[in-house]
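Q: I'm new to this one and would like a close look at a single part of it. Could you walk me through it in plain words?

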Amino acid sequence: MSVTTHTPHATERDTGPPPRERRSLAEAVLRVREFSIGAALVLLILATWLVNPGFLDSQGVKDLLLNSSILVLLATGQSVVVLTRNIDLSVGSVVGLTAFACGDFVSGTDHSPLTVMALGIALGTVCGLASGLLVSFGRVPALVVTLGMLYVIQGVDHAWAHGEQINAANLPDNMLTLGSGSLLGIPYLPLIAAAALCATAYFLRSYRGGRELYAIGSSPEAARLAGVPVRRRVLAAYAFSGAVAGFAGALWLARFGTVVADAANGWELTVVSAVVVGGIAITGGVGTVWGAALGALLLTTIGSALVVLKVNSFWEQAITGALLLAAISTDRVVRSRTTRALRKRSRQ
C-alpha cells in the first residue's frame with residue numbers, strides 16, 4: 001500500500017504578504033508623502049526669500065517659529081483623534097476657554113507658569129473627556145458631539161468673560177517671559193511644541209497603546225475582535241487632545257498676553273486642515289504626527305508669506321481649502337494603489 005502525500009502549493013501556504021512587508025510598504029508611502037510636504041515647504045520659503053530677503057532674517061525666522069508652535073501643538077493632539085477615525089472640532093474653543101481662564105486665574109498674582117499650565121491642561125482634559133465619553137461610550141457621531149461641544153464651550157467662555165479681556169499688564173513677568181523668552185536663541189514655545197511632538201511620536205510608534213490607535217482607525221471592528229479596548233482608547237485619545245488644547249491655551253496667554261473671549265476662534269478647521277494636509281487620512285489608521293507638524297508649518301508659512309508679499313489674506317483661506325481638497329484626493333488615490341499593490345503581492 002502506498003501513501004500519497006500532498007504538498008501544498010505556494011498559493012495555499014501564503015495568505016498574503018508578511019506583516020513586515022506590509023509595514024515597509026506603508027512606511028515607504030508615508031515617507032514619500034512627508035517628503036513631498038517638506039519639499040513644498042522648502043520651495044515656498046525659498047521663493048518668498050527670493051522676493052523678499054528679509055523673510056529669513058533672524059526676526060523673521062523667530063516669528064515663523066512662534067506663529068507655528070501653537071498650531072503644531074494642536075495638530076499633534078488632533079492627530080491622535082483622527083488616527084482613530086474620529087475628529088475633534090472643539091479644540092479652538094478649548095484654547096479660547098483655557099486661555100481666558102488661565103489669564104483670569106493669574107492676573108494680579110505671582111503664580112508660576114507651571115501652575116498656570118497645569119490649570120490649562122486640567123480644564124482641557126475635562127473638555128476632552130466630555131467629548132470622548134459621548135463618542136466612545138454614547139456612540140454619538142464625533143462630528144455632532146464636537147461641534148456641539150464647540151458651541152457649548154464658546155457660550156461658557158462668553159458668559160465668563162462678560163465682554164472683558166485679559167490684559168498683558170496684569171500678568172506676572174515670568175508668564176510673559178515664557179511667551180517671549182528663548183534658550184540659545186530659540187524661543188521657548190517652539191521648543192515646547194517640539195518636545196510634545198517627539199514624545200507623542202515615540203509613544204505612537206513604540207508603545208502598544210499607540211499601535212492600537214492605528215488598528216482602531218484601520219478597522220474598529222477588527223480591532224475589537226483582536227481584543228483592543230476600543231472605547232477606552234478612543235476616550236483616551238479625546239482626553240489627550242483636550243489636554244493638549246488646554247496646554248496650548250496657557251501658551252496662547254503667554255504668547256499674546258491680551259486675551260478675549262473668542263481667542264482662537266475658527267482654529268479648529270485650520271488644525272484639521274494641517275493634520276489632513278500633513279498626510280493623516282481623515283478615515284483614520286494612516287499617517288504620522290511628523291506629517292501633521294509639517295502640515296501645520298506649511299499652512300503657517302503660507303500665511304506669513306502672503307503677508308510678506310502683500311497679498312490679500314483671502315487667498316490664505318483659498319489656498320488652505322485647495323490644499324485640503326488635494327490632500328484628501330491624494331489620500332484616496334494612494335490608499336487605492338496601496339491596496340492594489342498588496343493584493344497583487346498576495347496573489348503572487
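Is leucine 269 buried or exposed?

A: Let's start with where things come from. This is a predicted model, where local features need pLDDT of at least 70, side-chain atom pairs count only at pLDDT 80 or more, and totals for chains, interfaces and linings use all residues. Residues are numbered from 1 along each chain as its sequence is written, and side-chain values use heavy atoms, with hydrogens and water left out.

Now to your residue: leucine 269 is exposed, since its relative accessible area is 55%. (Exposed means over 50% relative accessible area, buried under 20%, and partly exposed in between, using a 1.4 Å probe and protein chains only.) You'll find leucine 269 in helix H12, which covers residues 267–277. Helices here are DSSP runs of H or I with at least four residues, strands are E runs of at least two, and numbering goes from the N terminus.

On the scale of the protein, 80% of the contacts with a separation of 6 or more join residues 24 or more positions apart; a contact means heavy atoms within 4.5 Å.

Of its 348 residues, 44% count as buried. The protein exposes about 17,600 Å², with carbon and sulfur atoms supplying 64% of that; such areas come from the Shrake-Rupley method with a 1.4 Å probe, and for residues only the protein chains shown count as cover.
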